[in-house]
Amino acid sequence: MDKKQWTVSLILVVISIFFVALNMRPAVTGIGPLYNVLKTNLQVSNTSMSFLTSIPVFCMGLFAPIAVPFQRKLGTKLAIVLLMVILIFANGLRFFQESYLLLVVTSFAAGLAIAMIGPILNAFIKKKFPQRFTIVIGIYSFGIGVGATLSAALTVSFYQYFDNQWTVALGMWALLAMIALILWSWAIPKEQGADGEKLAKNEPARNPWVTGRAWSILLYFGLQTSLFFSMMSWLTPLLQDKGMTLKDASMMLTFMSIVQMIGNIAVPMLMEKWTNRLAWAVALGCLGLIGFTFLWLLSGIYLWLAVLIIGIVLSGLFPIGLLLPLDEARNDQEANSWSSMVFSGGFMLSAIIPVLIGVCYDMTGNHTWTYVIFLALMLGIIGTTGLLRKN
């Protein structure tokens, strides 16, 4: 294969990775912009609503360990194809009925698919782009950020355009999954997944579950993911609680997602020059304390500043979480197993926080504890970074 053909094939692979990444969040983050609409329509409590975020996030942790044997059995290409089909059905079924139970079931299915896509793509990127995996991870995380931004920006627009039918607004994301499925099936050669099984048999690998540093990375990943999903779920109702309309609160959520989307690719590019991941994490953690304090205490136009800061923080923390297990991996099998372990425990940990916020809000009737929880998460991230440095 000549250089030009190889370059074209790599570009197509990266594009297909990007489109798969676009689908890693809308099934979950599409709930947040319509939080109060769904709560009123379905007549459920804040705690029940928070489960619609926590269930898929918990599933993303519960099923992440299955990614390794699943990928070895089917190969990378076919594994992603089947998982994208699950995502299509999870989103598409939401078209048909206004039902809390259906949202729970489809959230579970979406979480299962996303759980296994993450570790499989992480290991695939590490193997396919060994010298430039930081940049490709940046594109991958950028795609996730774009997907979250699209869900924040368009879900309310779909809802309003289709005569306030939230089933259509949520079901529309099945179309994006169909596009990703077509691109992935076309761009990735069938033999792409066969190498993983061979490497798994021939190369020794450390077990992350008995490695202290892997547990530290897991804790970091869980805390930063807790921030992301909690903000995507609760920012709109938080702002409405401060007197904003649904439209204005949705605009601010979209703004935060756009900032995060840009940072998802900008931060990994900057890390190519300044490579100290832990220094980045500490700086972002301190900035996050400022951002969440502003969100708590300020109002009016100053909330835009708070959301800007939080968007920057979230944009940097996530790619660091993706890169840390890959930095530690000595081969492709470790890239898969370490990512799987970190995603598994991290997502299961992060599923607790949105529910905790809902319980506190139902008990107190205000969001004081919500802000305290956000600040505690930032302090936890800073503390975990110190633990990683000691290791």
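Which residues have the most contacts inside the largest nonpolar core? They are Ile17, Tyr140 and Leu295.

## Basis of the model

This is a predicted model, in which local features need pLDDT of at least 70 and side-chain atom pairs count only at pLDDT 80 or more, while totals for chains, interfaces and linings use all residues. Residues are numbered from 1 along each chain as its sequence is written, and side-chain values use heavy atoms, with hydrogens and water left out.

## Nonpolar core

The largest nonpolar core has 135 residues. A nonpolar core here is a set of buried Ala, Val, Leu, Ile, Met, Phe, Trp, Tyr and Cys residues joined through side-chain atoms within 4.5 Å. Buried means under 20% relative accessible area, exposed over 50%, and partly exposed in between (1.4 Å probe, protein chains only). Helix H12 (residues 212–241) supplies the largest share of this core, 15 residues. Helices are DSSP runs of H or I with at least four residues, numbered from the N terminus.

Leucine 295 is in contact (heavy atoms within 4.5 Å) with Met231, Leu235, Leu238, Leu239, Lys242, Leu303, Ala306, Ile310 and Tyr371, leaving aside neighbours within four places in sequence.

Helix H10 covers residues 173–187, and its 15 residues should span 21 Å at 1.5 Å a residue; the end C-alpha atoms are 22 Å apart, which agrees. The expected span is 1.5 Å times one less than the number of residues. Buried residues of H10 are Trp173, Ala174, Leu176, Ala177, Ala180, Leu181, Trp184 and Ala187. Seen down the helix axis, these buried residues fall within an arc of 160°, so they line one face of H10; the arc is that of the directions from the axis to the C-beta atoms. Ile182 and Trp186 are exposed on the other side of H10.

Helix H17 (residues 352–364) has 13 residues and reaches 18 Å from first to last C-alpha, close to the 18 Å expected. Its buried residues include Ile353, Val355, Ile357 and Tyr361. Just after H17, glycine 365 takes a positive phi of about 75°.

## Aromatic pairs

Rings of Phe, Tyr and Trp (its six-membered ring) pair if their centres lie within 6.5 Å; planes under 30 degrees apart count as stacked, over 60 as edge-to-face and the rest as tilted. By this rule there are 18 aromatic pairs. The rings of tryptophan 209 and tryptophan 215 have centres 5.7 Å apart and planes at 70°, so this pair is edge-to-face. Tryptophan 209 is partly exposed at 40% relative accessible area, and tryptophan 215 is partly exposed at 41%.

Ring pairs also link Phe221, Phe228, Phe229, Phe318, Phe343 and Phe347 into a cluster.

## Salt bridge

The structure holds 1 salt bridge, defined as a side-chain nitrogen of Lys or Arg within 4 Å of a carboxyl oxygen of Asp or Glu. Arginine 277 and aspartate 327 form this contact at 2.7 Å, N to O. Arginine 277 lies in helix H14 (residues 277–297) and aspartate 327 in helix H15 (residues 302–328), so the pair ties together parts that are 50 residues apart in sequence. Arginine 277 is buried at 12% relative accessibility, whereas aspartate 327 is partly exposed at 33%.

## Two single positions

Threonine 385 is in helix H18 (residues 368–390) and is buried at 0% relative accessibility. Not counting residues up to four places away in sequence, threonine 385 touches Tyr220, Leu278, Ala281 and Val282.

Glycine 243 lies in the loop between H12 and helix H13 (246–271) and is exposed at 62% relative accessibility. The C-alpha atoms of glycine 243 and serine 299 are separated by 9.4 Å, although these residues are 56 residues apart along the chain.

Definitions and conventions:
Helices (H or I, at least four residues) and strands (E, at least two) are DSSP runs, numbered from the N terminus.
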